[in-house]
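Follow along in the structure as you read.

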Amino acid sequence: MGHIAALDTKPMHQNQNQTAILKIFAARAGSEIERIRNEEKLLELLRSDNIQLQKKLKESEERYRDLFEEAPFAYVHEGLDSKFIRANRAALKALGVKPEEVPFTFGKTLVADNPENQKRLKEAFESIGRGTDTGGVILELKRKDNGKPLWIEWWSNPDPSGEFTRTMFIDITEKVLMEQEQVKLKAQNKYLQEEIKLNHNFEEIISKSKNFQKILHQIEQVASTDATVLITGESGTGKELIARAVHNISNRNRRPLIKVNCATLPANLIESELFGHERGAFTGAMERKIGRFELADGGTIFLDEIGELPVELQAKLLRVLQEGEFERLGNPKTMKVNVRIIAATNRNLQQAIQSKEFREDLFYRLNVFPILTPSLRERKEDIPLLVKHFIKKYEGKMGKKIQDVEAGVMEALIEYDWPGNIRELENLIERALILTNSNVIEYGDWIPVSKISSSRNAVKEEIKKLEEVEKDYIIRTLEQTNWKVSGEKGAAKILGLNPTTLEARMKKLGIKRNGAL
């Protein structure tokens, strides 16, 4: 270690204990020097170990960063206010966020704005605020770059510090869209099953009338296009049949024809039926409902009795015609559909426009390709064909086999003017089959009496307006049924109308129990 020496100006003797004192001092000095050297060696060793630890820590952080960045799942660290702290590549790609946008992005701003979605988000962040893990939350988001919908399943683990939370999510958009499509297909199937149960006028077009051949030509012309069709004509002239014919020979025939009768739906439910609603959108809305326009996407929607659509809904229908978009009740999200619209009415829409009951701009949007269906009195040459068709339709159901129709019966049917048109003829033939006890349809009380005087009448009546004829005929029918509207023996059944439609016509024409007022 070294040497120690003591010097003096005078001679020193051994009996003065100088050597012992020096040995004590040397031992203490040596111990201190040894301690300092050992401390220096320890510090050097610690510095070396620290360098190794720092190197290993750096390598570990790099491995973690690689795992975080390259993970197939989306990871986000976000503050309790949902402000992003860091996000891996999978998260940035799924959310449409650029790396430089991370410090300025709040997760809450990407969540779609609908009541159910916002409720789930609120509950999740309340749980995070309590320091509780949250898992399996389904949220609908909108990508930051293009606003396209994105559905995720979300898990979050709050950090013990309470300053941020670790979030992981997986993209389930494809699964959700598939489930939505299944729901839509089920709704379409349910609708079509209900449609199968309906009793339509007849299964195929039966006519040799030149007037009706013109209609068939118009159907062929317009079917191959996507043009909106407006079918007008009296009640019972087969407007729905024409709509089905247009759809069946169109390019959309592989998709459903969805029918909506605007006259039979309550006013407070029409919007929900047309456009659908979310759960909780109004009192009684216990679950999401797919609207008729959404069901008809890619196909055709038939709006029967369009003249009865409330004015406040006509603007929304106009928007669908113009833009092909609408919103479900209770959901601000705009939905786009590709639907061909066929509308029908027995009303004079020009008069309805004058009386402010129908929008003029909607009329011109609907009236792209008008088809006017002829009344049965304008195609009387079809009556024998239709009679035979309806006999064949009902004889099997009643267990009867009709061989012939008396000549007088057919003459009387051709003579009659048929204000209820084909629907009235069908109902009359059904009644005739019920009453007949043989295999021949015979003349009887069931034969209708013409309401308009023939050329054989001595006195020539003044020609009435169409509404006056309709009003008079409804009153006479009501008198025959003792003013009973619905049921098997009610006026609606005789006239071939739905009871609600008849009541609406009675109200419009001012018909009350004591007569026409």
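Asn421 is found in helix 14, which covers residues 421-435. The model is a predicted one. The points below start with backbone angles, then turn to rings, charges and the surface.

**Positive phi angles**
- Asn421 is not a glycine, yet its phi is positive, near 60 degrees.
- Asn421 has a relative accessible area of 0%, so the residue is buried.
- Lys356 is another residue to look at: its phi is positive, about 65 degrees, although it is not a glycine.
- Lys356 is found in a loop, between helix 10 (349-354) and helix 11 (360-366).
- Is Lys356 buried or exposed? Lys356 counts as exposed, because its relative accessibility is 70% and the cut-off for exposed is over 50%.

**Aromatic pairs**
- A pair of aromatic rings is described by two things: the distance of the centres and the angle of the planes.
- The count for this model comes to 6 aromatic pairs.
- One of them joins Phe275 and Phe293, with 5.7 Å from centre to centre.
- The planes of Phe275 and Phe293 are 15 degrees apart, and the pair is stacked.
- Phe275 lies in helix 7 (residues 267-275) and Phe293 in helix 8 (residues 292-295), so this pair ties together parts that are 18 residues apart in sequence.
- Phe275 and Phe293 are both buried.
- Tyr416 and Trp418 form an edge-to-face pair. Their centres are 4.7 Å apart, with 85 degrees between the planes.
- Tyr416 has 2% relative accessibility, so it counts as buried; the cut-off for buried is under 20%.
- Trp418 is buried too, with a relative accessible area of 0%.
- Which residues do ring pairs link into a cluster? They are Phe275, Phe293 and Phe326.

**Charges over rings**
- Arg379 places its charged end over the ring of Phe212, 4.2 Å from the ring centre.
- Lys108 lies over the face of Phe125, and the distance to the ring centre is 5.0 Å.

- Leu45 has its place in helix 1, which covers residues 18-70.

Technical notes:
Residues are numbered from 1 along each chain as its sequence is written. This is a predicted model: local features need pLDDT of at least 70, side-chain atom pairs count only at pLDDT 80 or more; totals for chains, interfaces and linings use all residues. Side-chain values use heavy atoms; hydrogens and water are left out. Rings of Phe, Tyr and Trp (its six-membered ring) pair if their centres lie within 6.5 Å; planes under 30 degrees apart count as stacked, over 60 as edge-to-face and the rest as tilted. Helices (H or I, at least four residues) and strands (E, at least two) are DSSP runs, numbered from the N terminus. Buried means under 20% relative accessible area, exposed over 50%, partly exposed in between (1.4 Å probe, protein chains only). A charge sits over a ring if NZ of Lys or CZ of Arg is within 6 Å of the ring centre and within 35 degrees of the ring normal.
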